Amino acid sequence: MLSAKSLFQEILDHDESFRLFCSIAAGGEAQGGWENGRIAALVPPALRALAPKIARHGADEDKHGRIFMALLRRRGLTPVPVPPETDYTMLLERRGIGLAHDRLRRDEPLTERDIVVYLAHSRVTEQRAAEQMALLLKHFAGHPEIGRAVRMIAADEDNHLAYTHEELLRLAAAGHGPFIRHTLRACALAEIRVHRDVSLAVMARMGRVLGWPRTRRALLTAAVHAVYAYERLAGRRRMVTLGMPERLDALGGPTASAHEYA
């Protein structure tokens, strides 16, 4: 049966597909860690209270990257280069979403609008991450090999999503509401296109590694396009609405250690 659980189980059971999956995931998390670290260092004086939370976000992303690398080591595998067409964070930057890397490399303080752009980008991408991890949590929370990693990363993604809601609402109350709404819409539209393109690229790579028949590849391609059409028409609304989360100050403490995966 063609289901999310059966597809991921197939990827998990094959060394080369698992190697590709973990390599792509680790690369994206490491990039997110670097971006958040730079943003934390460049927060404008008026928003310095945000810096520890942004740094905590970056530390979580770094930790996730180490977890994926450790999962590879535990199976005796080494990472592979991330194919450019599957590099979600790079493709988002190329579409002008988030803060450009050349801006983050300069030692110049960011503006309040830059922080809104960062938080709106995070609000949209963390929605995607939280949903993907919730799916893995549903099916693999008790898995002997990846269960602990899934539980830890899923909890972190929920915290990241809560934090972006809370901070964007705070900035909206301070007068940034129209710019936040505009930026969220632009981010969501770009993200769903990039997610479609990356999904198609990953499926094509996995199909070659796992020897999927043409019919299965055609069905998966159609499913990806159907998700994109739904998100384009209505599904993106879940990415642009804001609500006060149940857990406040979700990134107010230190990041949990990933030493058990080393």
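**Inside a predicted helical model**

Colleague: Is Leu119 buried or exposed?
Modeller: In this predicted model, Leu119 has a relative accessible area of 0%. The cut-off for a buried residue is under 20%. Leu119 therefore counts as buried.

Colleague: In which helix does Leu119 lie, and how far apart in space are Leu119 and Thr164?
Modeller: Leu119 lies in helix H6. Leaving aside neighbours within four places in sequence, its contacts include Leu50, Tyr163, Thr164 and Leu168. Thr164 is 45 residues away in sequence. From C-alpha to C-alpha, though, Leu119 and Thr164 are separated by 5.9 Å.

Colleague: How many residues has the largest nonpolar core?
Modeller: Nonpolar side chains tend to be buried together in soluble globular proteins. Here, Ile39, Ile54, Ile115 and Leu119 have the most contacts inside the largest nonpolar core. The size of that core is 36 residues.

Colleague: Which element gives the most to this core?
Modeller: H2, H3, helix H4 (88–94), H6 and H7 each supply at least two of its residues. One of them gives 12 residues, the most of any. That element is H7.

Colleague: Which residues does Ile39 touch, not counting those up to four places away in sequence?
Modeller: Ile39 is among the residues with the most contacts inside the largest core. Two of its partners, Ile54 and Ile115, are named in that group too.

Colleague: How many residues are in the second, separate core?
Modeller: Cys22, Ala25, Leu77 and Val150 are included in this second core. Val150 also lines the largest cavity. The second core has 20 residues.

Colleague: What volume has the largest cavity?
Modeller: A probe the size of a water molecule, rolled over the atoms, shows where empty space is left. With a threshold of 30 Å³ or more, the count is 1 cavity. Its volume is about 90 Å³.

Colleague: By class, what does the lining of the largest cavity have?
Modeller: The lining has no polar and no charged residues. By class, the tally is 12 nonpolar.

Colleague: Which side chain makes a polar contact with the side chain of Arg38 at 3.0 Å?
Modeller: Arg38 is found in helix H2. Its relative accessible area is 19%, so Arg38 is buried. A polar atom of its side chain lies 2.8 Å from the backbone oxygen of Leu104. The 3.0 Å side-chain partner is Asp107.

Colleague: Is His160 buried or exposed?
Modeller: His160 is found in helix H7. Not counting residues up to four places away in sequence, His160 touches His57, Asp60, Glu61, His64, Glu126 and Leu251. Its relative accessible area is 0%, so His160 is buried.

Colleague: How far apart in space are Gly98 and Tyr118?
Modeller: Gly98 lies in the loop between H4 and helix H5 (101–104). At 17% relative accessibility, Gly98 counts as buried. Beyond neighbours within four places in sequence, Gly98 is in contact with Val117 and His121. Gly98 and Tyr118 are 20 residues apart in sequence, and their C-alpha to C-alpha separation is 5.4 Å.

Colleague: How far apart in space are Val80 and Asp60?
Modeller: Val80 sits in the loop between H3 and H4. Beyond four places in sequence, its contacts are Arg19, Leu20 and Ser23. Val80 and Asp60 are 20 residues apart in sequence. C-alpha to C-alpha, they are apart by 22 Å.

Colleague: What value is phi of Asp249 near?
Modeller: Most residues other than glycine have a negative phi. Asp249 is in the segment after helix H9 (237–240), and is partly exposed at 39% relative accessible area. Its phi is positive, near 55 degrees.

Definitions and conventions. Residues are numbered from 1 along each chain as its sequence is written. This is a predicted model: local features need pLDDT of at least 70, side-chain atom pairs count only at pLDDT 80 or more; totals for chains, interfaces and linings use all residues. Side-chain values use heavy atoms; hydrogens and water are left out. On a 1 Å grid over the protein atoms alone, a cavity is a set of points where a 1.4 Å probe fits but cannot get out, and a pocket is an open set with protein on both sides within 12 Å along at least five of seven lines; lining residues have an atom within 4 Å of a point. Grid points are joined across faces, edges and corners, and a volume is the space filled by probe spheres set on the points. Ala, Val, Leu, Ile, Met, Phe, Trp, Tyr, Cys and Pro count as nonpolar, Asp, Glu, Lys and Arg as charged, and the others, Gly among them, as polar. A nonpolar core is a set of buried Ala, Val, Leu, Ile, Met, Phe, Trp, Tyr and Cys residues joined through side-chain atoms within 4.5 Å. Buried means under 20% relative accessible area, exposed over 50%, partly exposed in between (1.4 Å probe, protein chains only). Helices (H or I, at least four residues) and strands (E, at least two) are DSSP runs, numbered from the N terminus. Contact means heavy atoms within 4.5 Å. A polar contact is a pair of N or O atoms within 3.5 Å; within protein, one must be able to donate a hydrogen and the other to accept it, and residues adjacent in sequence count only if both atoms are side-chain atoms.
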